[in-house]
Amino acid sequence: MSNPRTPQVKRRVRVYWNEPTMGRWESVYLLEVVRGLLITGGVFLRNMWKWCTGRKGAVTAYYPEEMRPDYAKGNRGKHVLVQRPDGSPQCVACNMCATVCPAKVIEIEAAHDPADPAHPKSPARFEIDYSRCIFCGLCVEACPEDAIRMVKDVPDFPGPDRHAMWIGKEELLTWQPARDAAKPYPARPRATAGGPT
Amino acid sequence: MMQDFVVHVVYLFYAISVLMGMGTILTWVERKQGAVISDRIGANRAYIRLPFTQIKLVWIGLFHGVADGLKLLLKEDFKPATYDAFAYAIAPWVVFAPVLLVFAVVPFGGALHPGELFSGLPAVAAWFGDRTYQLQIAQLDAGLLIVFAFGGLTVIGAMLAGWSSSNKFSMLGALRAGSQMISYELVMGLTVLGLILIFGTVDLTAIVNQQSGIVLGVLPAWGVVLQPLAAVLFLTAAMAENRRTPFDLPEAESELIAGYYTEYSAMKMGIFMFAEFIEIAVIAALFSTLFLGGYNLPYMHDRGFTLPGGHEIVLAHGTVLVLQLVTFLAKMLLMSSFQILVRWTLPRFRYDQLLRFAWKFLFPICLANLVVTAVAVWALGGFQ
């Protein structure tokens with residue numbers, strides 16, 4: 001027999017802090033259905049009105065034709081090769097970037113020039129496969145000569161052919177380093193003597 | 001009679017092209033409407049390139065339906081190692097054919113007088129004489145009963161497909177389809193009983209003609225005005241019959257892969273899908289016929305309009321005919337679009353919720369609606 005002075009609490013205890021509660025009107029399913037239909041119907045009419053008045057009624061970007069302008073500020077999406085004042089690449093074809101690259105996208109073929117004793121090695125071929133690049137920036141970290149950098153740009157390669165997504169030395173050398181205020185060229189002299197030229 | 005034959009061949013051609021056309025268009029409408037509802041653009045990449053030119057016709061994604069059909073036709077026609085290959089092969093058609101057959105008794109226009117329509121061509125007019133045809137393929141007095149008879153056949157196709165696929169997912173899907181469709185069939189029949197009480201007939205043409213009248217002085221005597229609750233319940237039950245979201249338990253992808261057509265591929269699966277889209281159009285046609293005045297605009301009848309004040313507008317026969325055909329197609333499209341809106345709004349039920357919704361919620365409301373209607377009809381001594 002239960003003690004009449006300690007009434008049994010019949011209220012259900014909540015299990016989760018955000019357990020949904022349903023009011024009387026919400027438990028009559030049909031009314032909530034009507035509300036939902038009004039919401040979706042309203043969105044439909046609003047977007048259709050936009051389309052019909054010559055505006056875009058969607059948040060989608062038509063990707064290859066249309067690039068979103070709101071990339072992150074810190075986005076570095078394209079590699080460049082730094083040039084010496086005479087226009088030759090600062091790269092000495094040491095292959096450290098190709099070695100450290102986790103996606104194995106960099107291919108370098110070295111050339112030898114005995115007439116230039118300061119920089120006998122230079123890249124004859126420097127190619128990056130953007131279909132596999134993950135933009136981690138490790139090549140920039142690894143480079144002992146500060147010869148490869150990444151700039152605020154995005155590779156513009158949408159297309160049906162993955163073999164068209166390589167870029168070579170000519171394109172990588174189009175960047176003019178003198179214009180980059182953040183990293184002046186020539187590089188500031190280092191404390192240790194005999195630094196990179 | 002040769003004249004009857006010619007007229008009915010034209011009707012058949014019209015009805016089949018309307019249904020097939022609606023089925024094709026609705027796949028596009030479903031994509032695009034769903035996209036617009038969810039702030040997207042929707043399928044818009046398939047195109048047809050004009051031969052020898054670089055002109056690519058995109059036409060807001062209309063060709064995606066063609067691409068889909070072509071893909072389904074060219075896919076491998078996989079057949080499972082089943083013990084009942086015959087049932088497996090005919091199941092899609094058992095689903096598909098009744099959906100088309102239902103439309104045979106739906107009137108898509110008023111009375112046609114070829115003699116009057118072709119009065120400019122005396123030879124044709126004379127050949128037809130003063131014959132009159134309803135714009136309806138099969139003029140059956142038991143129209144509404146035929147609708148339910150054929151509507152109930154699709155469940156057999158679903159059960160056949162599930163049973164003969166020798167796949168547990170198919171079996172579960174078929175069981176779900178069976179119990180769901182039988183439950184909602186009952187609700188659908190009960191909602192329509194109220195209308196039969198009011199109109200006193202099951203002949204669909206007569207039902208449409210009675211809806212040309214006026215009730216309460218101004219309102220058109222449409223079914224939705226006379227039986228608003230039944231209209232909502234009928235649409236709900238009909239959508240459940242069609243097994244689309246939120247009632248797509250038989251083919252719940254996350255649980256049953258594709259339900260009773262898991263083992264179907266290529267065009268056999270395409271027939272199931274096509275039947276679903278055609279059924280949207282057929283449900284829209286039925287709803288328009290029963291509740292939205294069929295092929296008539298408000299206050300309209302076969303001779304023109306009778307406005308609430310008693311004012312008559314008489315129109316030429318050809319004008320009325322074109323107006324009725326266009327009105328019916330417009331109503332079908334609107335109601336199809338509404339069903340697609342529902343599909344993109346509501347999430348799927350849980351299975352026990354689905355059956356509880358049918359038996360503990362819709363069924364009592366239907367009965368109450370029926371009782372109230374019966375008492376009202378008895379008290380008023382019949383409608384009109």
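This section describes selected features of chains A and B in a predicted model.

Chain A has five helices and five strands. Read from the N terminus, the order of its elements is α-α-β-α-β-β-α-β-β-α. The chain has 197 residues, and 29% of them are buried. Among contacts with a separation of 6 or more, 65% join residues 24 or more positions apart.

The mean pLDDT is 80, and 80% of the residues reach 70 or more. Residues 191-197 of chain A have a pLDDT below 50. In the model, this stretch makes four contacts beyond near neighbours in sequence.

One strand pair in chain A involves β1 and β4. Strand β1(A) covers residues 78-81, and strand β4(A) covers residues 148-151. The two pair in the antiparallel sense, over four bridges. In this pairing, Lys78(A) stands opposite Val151(A) of β4(A). In a regular strand, side chains alternate between the two faces of the sheet. Strand β1(A) can be read with that in mind. Lys78(A) and Val80(A) point one way, whereas His79(A) and Leu81(A) point the other way. All four of these residues are buried.

Chain A also holds an open sheet of three strands, in the order β2-β3-β5. Its pairing is antiparallel. Strands β2(A), residues 106-112, and β5(A), residues 166-167, are the edge strands. Each of them pairs on one side only. Strand β3(A) spans residues 121-129, and seven bridges join β2(A) to β3(A). Ala111(A) stands opposite Ser122(A) in β3(A).

Lys121(A) also lies in strand β3 of chain A. Its relative accessible area is 39%, so Lys121(A) is partly exposed. Gly41(A) is 80 residues from Lys121(A) in sequence. In space, their C-alpha atoms are 67 Å apart.

The loop between α3 (96-100) and β2 of chain A contains Lys104(A). Most residues other than glycine have a negative phi. Lys104(A) has a phi near 55 degrees, a positive value in a residue other than glycine. Lys104(A) counts as exposed because its relative accessibility is 57%.

Ala266(B) is found in helix α13 of chain B. Its relative accessibility is 5%, so Ala266(B) counts as buried.

Helix α13(B), residues 266-291, packs against helix α14(B), residues 317-343. The angle between them is about 120 degrees, and their axes are 8 Å apart. The crossing is right-handed. On the α13(B) side, the contact is made by Ile280(B), Ala281(B), Ile283(B), Ala284(B), Ala285(B), Phe287(B), Ser288(B) and Thr289(B). On the α14(B) side, the partners are Phe328(B), Lys331(B), Met332(B), Met335(B), Ser336(B) and Gln339(B). Nine residues of this contact are nonpolar, four are polar and one is charged.

Chain B also has an open sheet of three strands. The order is β7-β8-β9, with antiparallel pairing. Strands β7(B), residues 300-301, and β9(B), residues 312-314, stand at the edges. Each has a single partner strand, so one side of each is left without a neighbour in the sheet. Strand β8(B), residues 304-306, pairs with β9(B) over three bridges. Within this pair, Gly304(B) stands opposite Val314(B) of β9(B).

Helix α8(B), residues 168-199, contains Val187(B). Val187(B) counts as buried because its relative accessibility is 1%. Not counting residues up to four places away in sequence, Val187(B) touches Ala237(B), Ala358(B), Leu362(B), Phe363(B) and Cys366(B). Leu233(B) is 46 residues from Val187(B) along the chain. The C-alpha atoms of these two residues are separated by 7.7 Å.

Definitions and conventions. Residues are numbered from 1 along each chain as its sequence is written. Chains are lettered from A and ligands numbered from 1 in the order in which they are written. Side-chain values use heavy atoms; hydrogens and water are left out. Axes are lines fitted to C-alpha atoms, for helices over the stretch in contact, and angles run from 0 to 180 degrees between N-to-C directions. A crossing is left-handed if the near helix is turned anticlockwise from the far one by less than a right angle, and right-handed if clockwise. Contact means heavy atoms within 4.5 Å. Ala, Val, Leu, Ile, Met, Phe, Trp, Tyr, Cys and Pro count as nonpolar, Asp, Glu, Lys and Arg as charged, and the others, Gly among them, as polar. Buried means under 20% relative accessible area, exposed over 50%, partly exposed in between (1.4 Å probe, protein chains only). Two strands pair if DSSP finds at least two bridges between them. pLDDT is the predictor's confidence in each residue, from 0 to 100.
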